[in-house]
Amino acid sequence: SLSKLQLKTGDLDPRLFSRLRHLQKLDLSDNLLDKFPNSLTLPDLRVLNCNNNKLEDVTALKQFPLLEELTYENNVYLTLNDDYKVMFLLQNLRLLNGKDITKLANHVRRVNSRKLTSKVTAHWEKFFRDQLPEKYTAEQVKAIRKKFLKSVQTNVVYGPSSLSEFTRWRVKMIAEEFLACSLGVELNSDTEPEEKTDENEEESTESPREAAEDVAQVGDFSSYISNVTVTPSKRKRNHSKSSPGNKRSKTQANTEEEAAEDVSAEPLHFLQCHSKGNSREDFKTQLWSCVFEPVLDSGARKDPIVSSSRTVATCGGESVCLIDCETGTVLKKYKVATEEFFSVAWTTLTMVISDSRKKAHNILAAAGRRGIVKLIHVAADFCYGEIKAHKKPIATVCFSPTQETHLFTASYDKRIALWDIGIPDCDYNFKASQLLVLETASIPLRIALVPTCPEQYLLAGCEDGCFAWNIKLDKGQKSRPFEAIFQFPGEESLTTSHRVDGLAFLNDDVIVSKSSKPGCIYLWSWSRSFDAKGKGCQRTMSAVILAELEWSTTDMSYLTLSTCPAKEYVFCGDEKGSVWMYNLSSYTSAWGSSPKGKRSERRISPTQILPWPELRVNGEQPPEILVNNVVADPAFTYLVVLTSVNITAIWKKC
C-alpha cells in the first residue's frame, strides 16, 4: 500500500518497481498521479487501486497484462472512453471500478474490433488501394499512409458519440496494423488519435448502459412502445392564388419548390426519460428545453469534422438528461427531487489541470423553479456548484458566445441577470459574481444576444412585449432599464403589448419572433428596426417586418420556436404534436439585398410539416400532445422534439 503519500508520477521510480517481480496487489489511491511511467513492469500484478488521483490517460496500464481488478474512480479527467481502452488493452480484466465487465469487455475485444477492422479494410479498398502504383517508393507509401490514417479516422464510425474518442483510437491502431501487414509500413507507437467527432452508423447494443451505470435508472420509452405507426410523408406548400402584386418569377418559384422537396426526416426514438420516480405511467411531466453539446476543440489539434455533436441535453421535471440522438441511449441523468428544470445551456471552459496545463471541458448550466443555477461538469459526472441567482423561478438561461464564463439568467422576478460563473480550479473551487441586472416590465420568457454585437445588445421576448437592452460592461450603471421596446402590427394598428414566447436569430440580422396572437410568427430586421444612434432609454421602435410565417391558428402560449442558422431553417411545434419546418434560404438573400427590406405580402407556408406519429402505449394513445420546444443540431442532422406528455421524440434527416 502506497496510499495517501502525496505521490506524483516522478516518485514512481522504475528502477525500484521493476524489481518487484512477484507483486500482485498495489494500492496507489489518494495521491497526485497524473499518469503512469511506461516501464514499471510488475509482470505479476493482479489488483491495482488508483482511486482519487489526477490521471489523464490509461494506455500505460497495458504494461500490466495479468491485471484482473482495476479501480480508478474519482479521477476527474478519465471518461467512458478510457474504460473501453482498458477493457481492450487488458485481456484478463474482470472487474473495473467494482463492476463485472466480462461480457462487455468480450464485446469490445471481439465484436467491436471485428466491425472496425471490416470498416477500415473496406475504406482502404474503396478509396486508397488504387492510389498506389504497382511499384511504389518509400515516399509514396509515407504520403499514402498519412492520408489514409487521417481519412479513416474521419470517416470510419461506429457506436455512440460518447465513445467517439475510443473509436478513433482503435481505428488508428487497426489502420496502422493493416498498413504494416499489407505494405510493410512500420507501426507508429504513438497511438494518440487525430481528433474527430462523428455521425455514427451503428450502435453497440450493450455498451453504453452497461458501462455507464453511474447514471440513475432510466425509463426508456422506446423499449415498451407497441403498435407504432409512422407516416412522415412530406407536405408540399399549399400556394394560394397570388394577386398580381404577388407574382413570382419562374426561377423563384422553382427555387422555392425545390426547397420544399429537399427535406425528408424519419422518426428514430421516442423516450420517456424524465419520469418522476422513473414511473412508466408519468405522462404529465412537461419537457421544456434542449440544447446540443458543443464539439470540444482538443488542444492545438482542431477537430476535422464539420458536423456537430449528436449528444443533446434535455430538461423537464426533476431531471436533466444527456441523450445520444443516434442510438436513443440516455447517457447520463441528473436529478434534484425538489426542482422543476426549465432551461439548460452549454459553455466550454478552459480549465487548469495538473502541472498548470490547460484543457477544455464542456459545462452544463441547468435552472428552473427554485431560481438556482446548477453547474455540471458532464464528463466527470459531477455537479460542482450552484448559484442562487433569483428568488423566483428562472425561465431561461444562455451563455455569451464570446465570453465563456458569462451567463444570462431570466427570471419571473422581472429581472435578467448577467453572471460571471468563474472557472473552477482542480478542486472545483470557483467564485461567481453578478455583473449586471436588466430590469424588465414583465416576465422575460426568451432571450437572445445580437450576433453582430453579443457584448453590447440583448433582446428579450416577455409577457408584455419585445425589449432590447444595452449590456456593455464599460458603462457604469449596474442596474439598467430597457433601451427599446418594439412595436408590431396589431389587429387595427401597431402595438407593443403582446406576449412574445418565441425568439431567435435566423442569421446576423433577421430575428424570428412568435407572439400570442394566433398563428403569428414574424421575421424582422434588427439593423433596420433598432436605432442605435438614438439617445435615451425606453424608446418605442417599430419592428421592420420582412415576412410572416404561416403557422397553427392556436392561441396556446409557450410553444416556442428555434432556428438552424447554418441551414436557414425555422422550426416550431404546435398543439397537435406536429413540427412545422420552414426553409428560408430562398428568401434571406433577397431580404439582405433590399435596402428597404420590402415585406413579403403573403405568409410563407411551411416547407414541410412532420405529423406526430400514431403511438400506442399499452394499447392506448398518449393524451393530447403539445410540442413545447423543437431544436435541430447545428448541422441539421437530428431534430429533437420536447412535448407536454413527458415524451422526447428524435427525428433524423434522411
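## A buried glutamine

Gln-272 counts as buried, at 1% relative accessibility; buried means under 20% relative accessible area with a 1.4 Å probe and protein chains only. Gln-272 is found in the loop between β7 (265-271) and β8 (287-292). A polar atom of the Gln-272 side chain lies 2.7 Å from the backbone oxygen of Asp-282.

This is a predicted model, in which local features need pLDDT of at least 70 and side-chain atom pairs count only at pLDDT 80 or more, while totals for chains, interfaces and linings use all residues. Residues are numbered from 1 along each chain as its sequence is written, and side-chain values use heavy atoms, with hydrogens and water left out.

## The four-stranded sheet

Strands β12-β13-β14-β15, in that order, form an open sheet with antiparallel pairing. Strands here are DSSP runs (E, at least two residues), as helices are (H or I, at least four), numbered from the N terminus. Two strands pair if DSSP finds at least two bridges between them. Because β12 (341-352) and β15 (382-388) each have a single partner strand, one side of each is left without a neighbour in the sheet.

Strand β13 (residues 358-368) pairs with β14 (residues 372-377) over five bridges. Leu-364 stands opposite Ile-376 in β14.

## Two packed helices

Helix α2 (residues 80-89) packs against helix α5 (residues 164-183) at an angle of about 35°, with axes 8 Å apart. Axes are lines fitted to C-alpha atoms over the stretch in contact, and angles run from 0 to 180 degrees between N-to-C directions. The contact (heavy atoms within 4.5 Å) includes Tyr-84 and Phe-88 of α2 and Phe-166 and Trp-169 of α5.

Conventions: Buried means under 20% relative accessible area, exposed over 50%, partly exposed in between (1.4 Å probe, protein chains only). A polar contact is a pair of N or O atoms within 3.5 Å; within protein, one must be able to donate a hydrogen and the other to accept it, and residues adjacent in sequence count only if both atoms are side-chain atoms.
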